[in-house]
Amino acid sequence: MTERGGEAIAEYVRAMARGPSRGRGLTQDEARDALTQIMAGNAAAEAVGALFMLMRYRGEDAGEIAGFVEAMRARLPEWRSLQPAIDWPSYAAGRTRGAPLFLLAAKLVAGTGRSVAIHGWNSHVTHPASAIKGAEALSIPFAATPDQAKAALDAEGITYIPLGDLDAEALRLLQLRTVLGLRSPLNTALRALNPTGAPVSVQGVFHPTYRALQSDSAQLLGQHAMGVVKGGGGEFERHPGKAIELYGYNAAGPFDLKMPALEGAAAKRMKSDDEAPSIDAMMRLWDGSARDDFATAIVIATTGAALFVAGAETDIARADQMAEALWEDRQT
C-alpha cells in the first residue's frame, strides 16, 4: 500500500468503528500495514489513538497481533540474526511487584548452555526493584546494539536489551499508555516480538484470557516453541505455592497443563511493598548469604517451567527437579 500522509490508517479506523453490525477487526496484512505506517510517522496521532483503543475495545485477535509483530520485526533485521536459544520478554505492568526473581531463573537456564535474550521495559513498576535494576545487580550484560548482544550471548549466555535501544519508536508507542489511560495492543505484540529470532519463547500475562491469544499469534508467526503463564505482574514467573497453568506448544506438541504447587511451598506469602523482596534481598538469596524459602521456590519453579518449554524435559516434575539441582549447583 502507498503512503497516504496523515490519513494513512483512516480506512482501518473506519473499518473497525462502523458499529456493532458493520465493524470488523483487521486482517493480518492490514494490521501489518497499519503499524508500518504508524511507525514510519505517516499516521495522525488522533488516528493512532483511535486505532489502538478500538482494537483494545473489540479485543485483539491473533492475526492482528501477528501483523503488528511482523511490522516491528521488519525494522530489526540485524537483531533477528542473533538467534539465541530462548526469548524472554519482560514487560511487567504490576505497580507493586517485588524483586524480579525471574531474572535468577533466566541465569540458571542460561547456565545450561541455552542462551537467553531478555528484552523489555517496565512501564508501570513503581517499586524500586525493577527488572533493569535487577539485571544491573546480577551483572547481566546490557546490549544497545546487535553486536553488543552477540558479544554478551557468546561470553555470558545471557543479555538484557532495553526496548528503547531495540526500537525507540516502539517504546514511544508503548508509552502512549500514559496518554490513553489503558494498555494498547503493543503490550501484547511486544511479548510476541522475539526480536532476536530465538526458537523458544517464554511469555507471561497478567490476564489469563491472553494466553490463547499469544499462543495463536505465535503459531501464525512460525514460532517453533512457546509457553505462557499468568505470572507475577505479567512476567514469566511461576507462583510455587499453587497450581499454575502453562499453555503453549513445543517440539513434543501442544500443552495445556497445570503445574502443581512445589512441595514445601504451599504457604502463600501475600506480597506487599514492605514484604516483597528487594534487590538487595534478591542478591543475598543468589549468593547464599540469606535464606528465603518462598523466593527460592519461585526461582526453581520458574526455571522448571522455562526448561519444560525449551524441551529440556518432557515432564514438568522432572523439569522442576532439574531446576532444583541447578539452583543447588549455581555459580554466584
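Asn-194 sits in the loop between helix 12 (185–191) and strand 4; helices (H or I, at least four residues) and strands (E, at least two) are DSSP runs numbered from the N terminus. Asn-194 is not a glycine, yet its phi is positive, about 45°. At 2% relative accessibility, Asn-194 counts as buried; buried means under 20% relative accessible area, exposed over 50%, and partly exposed in between (1.4 Å probe, protein chains only).

The model is predicted: local features need pLDDT of at least 70, side-chain atom pairs count only at pLDDT 80 or more, and totals for chains, interfaces and linings use all residues. Residues are numbered from 1 along each chain as its sequence is written, and side-chain values use heavy atoms, with hydrogens and water left out.

**Other loop residues**

- Ser-139 also has a positive phi without being a glycine, at about 60°.
- Ser-139 lies in the loop between helix 7 (131–137) and helix 8 (146–156).
- Ser-139 is exposed, with a relative accessible area of 60%.
- Ala-99 is placed in the loop between strand 1 and helix 6 (102–110).
- Ala-99 is buried, at 1% relative accessible area.

- Strand 2 (residues 116–120) is mostly covered, with 5 of its 5 residues buried.
- Val-116, Ile-118 and Gly-120 point one way from strand 2, while Ala-117 and His-119 point the other way.
- In a regular strand, side chains alternate between the two faces of the sheet.
- Strand 1 (residues 86–90) pairs with strand 2 in the parallel sense over 5 bridges; two strands pair if DSSP finds at least two bridges between them.
- Trp-88 stands opposite Ile-118 of strand 2.
- Strand 2 also pairs with strand 3 (residues 158–162), in the parallel sense and over 5 bridges.
- In strand 3, Tyr-160 stands opposite Ile-118.

**Strands 4 and 5**

- Strand 4 (residues 200–205) and strand 5 run parallel, joined by 6 bridges.
- Val-205 has Lys-230 of strand 5 as its bridge partner.
- Strand 5 (residues 225–230) is mostly covered, with 5 of its 6 residues buried.

**Nonpolar cores**

- The largest nonpolar core has 52 residues, and Ile-9, Leu-35, Leu-51 and Phe-52 touch the most other members.
- A nonpolar core is a set of buried Ala, Val, Leu, Ile, Met, Phe, Trp, Tyr and Cys residues joined through side-chain atoms within 4.5 Å.
- Helix 4 (residues 62–73) gives the most to this core, with 7 residues.
- Not counting residues up to four places away in sequence, Leu-51 touches Ile-9, Tyr-12, Val-13, Met-16, Leu-26, Ala-34, Ile-38 and Phe-68; contact means heavy atoms within 4.5 Å.
- A second, separate core of 49 residues includes Ala-225, Leu-246, Leu-262 and Leu-307.

**Cavity**

- The structure holds 1 cavity of 30 Å³ or more.
- On a 1 Å grid over the protein atoms alone, a cavity is a set of points where a 1.4 Å probe fits but cannot get out, and lining residues have an atom within 4 Å of a point.
- The largest cavity has about 40 Å³ of space; grid points are joined across faces, edges and corners, and a volume is the space filled by probe spheres set on the points.
- Its lining is Arg-73, Ala-192, Ser-201, Gln-203, Ala-218, Leu-221 and Gln-223.

Notes: 1 Å grid on protein atoms, 1.4 Å probe; cavity = no way out; pocket = protein on both sides within 12 Å on 5 of 7 lines; lining within 4 Å.
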